[in-house]
Amino acid sequence: MNCSALLSLMLMLVQLWPCSPNMQNHSTQNTDQSFTAVHRVKRGWVWEPLFATEEQTSMVPVYVGQLKSDLDKQDGNLKYLLTGEGAGNIFIIDENNGKIYVKEKLDREKKPFYILRAQAINKNTQLPVEPESEFIIKVRDINDHEPQFLDGPYMATVPEMSPEGTSVTQVTATDGDDPSYGNSARLLYSLIQGQPYFSVEPKTGVIRMASQMDRETKDQYLVIIQAKDMVGQAGAFSATATVTINLSDINDNPPKFQQRLYYMNVSEEAPVGTTVGKVFAEDSDIGENAAMNYFIEGDSSDAFDIITNNETQEGIILLKKRVDYESKRRYSIEAKVVNRYIDDRFLEEGPFEDKTIVKINVEDADEPPVFTLDNYVMEIAEGAMSGSLVGVVTARDPDDDDCPVRYSIVHGMHLKRLFSINEHNGTIITTKPLDREIASWHNITVTATETRNPEKISEVNVYIQVLDVNDHAPEFPRYYETFVCENAVSGQLIQSISAVDQDDSAEGHRFYFSLAQEGTNNSHFIVKDNKDNTAGIFTAKSGFRRQEQFSFYLPILILDNGIPPLTSTNTLTITVCDCDTKVNTFYCRYGAFMYSMGLSTEALVAILACILILLAIRQQRKKSSFSDKMEEFRENIVRYDDEGGGEEDTEAFDISALRTHTVMRTHKPRKKVTTEIHSLYRQSLQVGPDSAIFRQFISEKLEEANTDPSAPPYDSLQTYAFEGTGSLAGSLSSLGSNMSDADQSYDYLTDWGPQFKQLAGMYTSHRSVGD
C-alpha cells in the first residue's frame, strides 16, 4: 500500500505536541503523568494525541479534532465511527467528516484521560477499510483549585534570644491542580504579618527568626503566612495560615531585691525559730529559671538564719539563738540571693545574684530570772547530819533593774522532807540524814521567781548524788545449811561460803574470812580463805558422834576493804548426820528436829511404835467399814430399767411372788486381818483391774447379787467402790495378831527403802535389847 492509499486520521489540535511511539501503554498505567503525546502506527492508521481542555462549557459542543483518511475521496462513501469511554455522551464524532467534539464539562481531577476506539467503514459494503484501533484523549489541566493549609492553625515555640536565622517551624500548603503541567500547582510562600521579627522561605514555607527577641518584653507573636499558586503571577489563587509563636524562657535575668534596706524588730523573749521578717527578690524569668536561694553573709549569721520559701520565693529570716536586749540591741545583717539554676551562656553578662542590708532592733522585755547554770550537780556524804550544806544555786534578773529573786523547791513533798533551800540566797541543806543504800541520787527542781513580778519564774534541775560511806558490815548472802557425816575424815570440804556488802565500792569489794576469836579454840573445823571473796569450811579431825554433840556453831569473822574497814561475825551451824560419805539432807533435818525437841533414843522408839500402832488400827477400820457397809451400798445403788407405769404398777403388782424363797443368801466368813498383815505390802503393789484380789472381790459381789432373794427379777447395774488393801506397809498394829513381839520379824522394813532405814535400825536395836 502506497502513501496515497493510506488512510490518515488527522487530529486537528489547538496545540500540537511531539509524538512518542510508546506513550499509550505508559499513559494507561499512570493517569497522573503530564500531558505527553501518544503516537501509534498500525497498518494505515496514523494519528497524534488528542487533548481536551477541562472546564469547557457543555452548552455548545467544542471541537477537539478531526479524523481523515487518504482513501476518503470526500464523496461520502466512508463513515467514521467512535467507541470507548465517553463515546456518544461526552465525545461525539461527525461520521461524514470525522470531526470529534466534547459536549460536557470535563474535570481533570476526577478523570485525567479517556481511551477511545476509531474505525472507518465503507458505507456501501459496510466493511472496514482500516482495522479498529485505540487512541487516548487527555484532559488538559487549568488552574481551578486554590491552595489549602490542611494542618493549620499552627503553634510553635522557640527560646527567647535565639540568634537570627533560627528555624521556628514549617508550614505546608497543597493544591489540587496538576503539578506536572504548567504553574497551576506551583506555590509561593510570603509573610503577611510578622515582620521584622520573622521571615519565611518562599519555596519551602520554613519560618525563621529575623532578629533576637526578649521574652520579658513580649512572649507571644502572631504570624500570617500566604501561599499563592501560579508562582504568584497575576490571576493566581492564594490562601493564608496563622502561626502562633511563643517564646520560651531562658535564665537571662538575675534576681533583684525590691529594697536596698530592710528594717525589722524582734523581742528578746522570742524563742529560737521565731520568724523575724521576710525579704523578697524579683526575677523576670519564670519557672525554674526564677528559682533562687537566700543566704546571710558575714558574722551576723550566728544569731539569725534565712530560709527560702520555694512557693513564694521569699527569704524568711529566723531567730537562730536567743537575743538579749541588755547585751546587744541592734543587728545588721547582709542578705544575698542567688539564682538556683544558672545558664552558662549568660555568665559573662554579670553575676546572677543580688544583696541587701537588713537591720534588726532587739525589743526590751521583762524577762524571768536566769540561772547561772543550765543544771546543777551536787554531792553529799550519806549519814550527814541534818542541816548539812549540799550546794548553792544562783539566779539573777537579766533586766536593767536587777529585781531580787526568791528560791523554792518543787516537784514532790518527799524531797522537801529531805532538803530545804534558803529563799534568799539559794543555799540547799539537808533536813535529815541520807542513806545511799535507799537512794543514791535525788533529783529536785528549784524555781527562781521575781519578787516584783511573780509571773516571771524560771526552773532548773539539781541532781544530788549521795556519796557512799562504809557503814554496812559484810555478811552471809544467805542462810547456809551445813551438814557433816559421822564418819567424815579430816580435811574434808563441807561448805563453801561467800559474803555481800550493801555499801558501794569504787574499786570493787574485797572480803577476808577467818575464824572469830571465840572459835579459834575449836579444833573440829577450820576456815580457809580462797582470796576470791569466797572461803571453804573444812573438817579438822576425823569422826563425829551424834550422841556426843549433834550440832556445832562456828563463828566466822568477815572483813571488808572499806575506809574504815568493817567486820562482822556470822555463825555457821553445822549438823552431824548419821550417814556415809554422802549426806542425805532430808534425814539430817528430821534428826535435827527430833534432837532439837530434846528427845532421847528410847523416846523416839516409843513414838515410832505408837505411830505404827495407829497406822495398823486405821488400816483395819478402813477395811472393816468397807466390808460391813457393802450391803448398804449395793441396796442403795440399784438402777431399774423398767419402762412400766411407775409407782402405780409397783403397788398393783407384788413382785415378791416372783422371787425364789428356797435360795438363801450366804455370807462368806471375812478373812482375819492378822493373816494378811505380812502380805499386804506386796499385794497392794498389784491391786488393780488385773489383780487377783480385785477379781476375787468382784466375783464375791457378783455371787451375792445372784443369790440375793431380795434382788429384782430383771437385770440391774450395780456399782461397787473398792479402796484397795490400804497403804504399802499395811497395818503395823499388833492387835488381833496371834504372834507376840518376840515372834514378829521386822526385817521387811529394810525393803521399804532408805526412808525407813532409821526405823529399821531402831526396831533391830530394840529387838536386840529385848532379846
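Where pLDDT is low, the predicted coordinates should not be read in detail. The chain averages a pLDDT of 75, and 68% of the residues score at least 70.

This is a predicted model, in which local features need pLDDT of at least 70 and side-chain atom pairs count only at pLDDT 80 or more, while totals for chains, interfaces and linings use all residues. Residues are numbered from 1 along each chain as its sequence is written, and side-chain values use heavy atoms, without hydrogens and water.

**The open sheet**

Select β18, β24, β23 and β20, which in this order form an open sheet of 4 strands with mixed pairing. Strands are DSSP runs of E with at least two residues, numbered from the N terminus, and two strands pair if DSSP finds at least two bridges between them. At the edges lie β18 (261-267) and β20 (292-297), each pairing on one side only. Now show β20 with β23 (residues 330-339): these strands are antiparallel and share 6 bridges. Ile 296 stands opposite Ala 335 in β23.

Select Val 358 in strand β24 (residues 353-363). Is Val 358 buried or exposed? Val 358 counts as buried because its relative accessibility is 0%, and buried means under 20% relative accessible area with a 1.4 Å probe, protein chains only. Its contacts beyond four places in sequence include Met 264, Val 279 and Ile 317. Met 264 is 94 residues away from Val 358 in sequence, yet their C-alpha atoms are 7.3 Å apart.

Val 358 is also one of the residues that touch the most other members of the largest nonpolar core, which has 25 residues. Such a core is a set of buried Ala, Val, Leu, Ile, Met, Phe, Trp, Tyr and Cys residues joined through side-chain atoms within 4.5 Å. β23 gives the most to this core, with 4 residues.

**Asn 246**

Finally, select Asn 246 in strand β16 (residues 238-248). Its side chain makes a polar contact (2.6 Å) with the side chain of Gln 220. A polar contact is a pair of N or O atoms within 3.5 Å; within protein, one must be able to donate a hydrogen and the other to accept it, and residues adjacent in sequence count only if both atoms are side-chain atoms.

Methods:
pLDDT is the predictor's confidence in each residue, from 0 to 100. Buried means under 20% relative accessible area, exposed over 50%, partly exposed in between (1.4 Å probe, protein chains only). Contact means heavy atoms within 4.5 Å.
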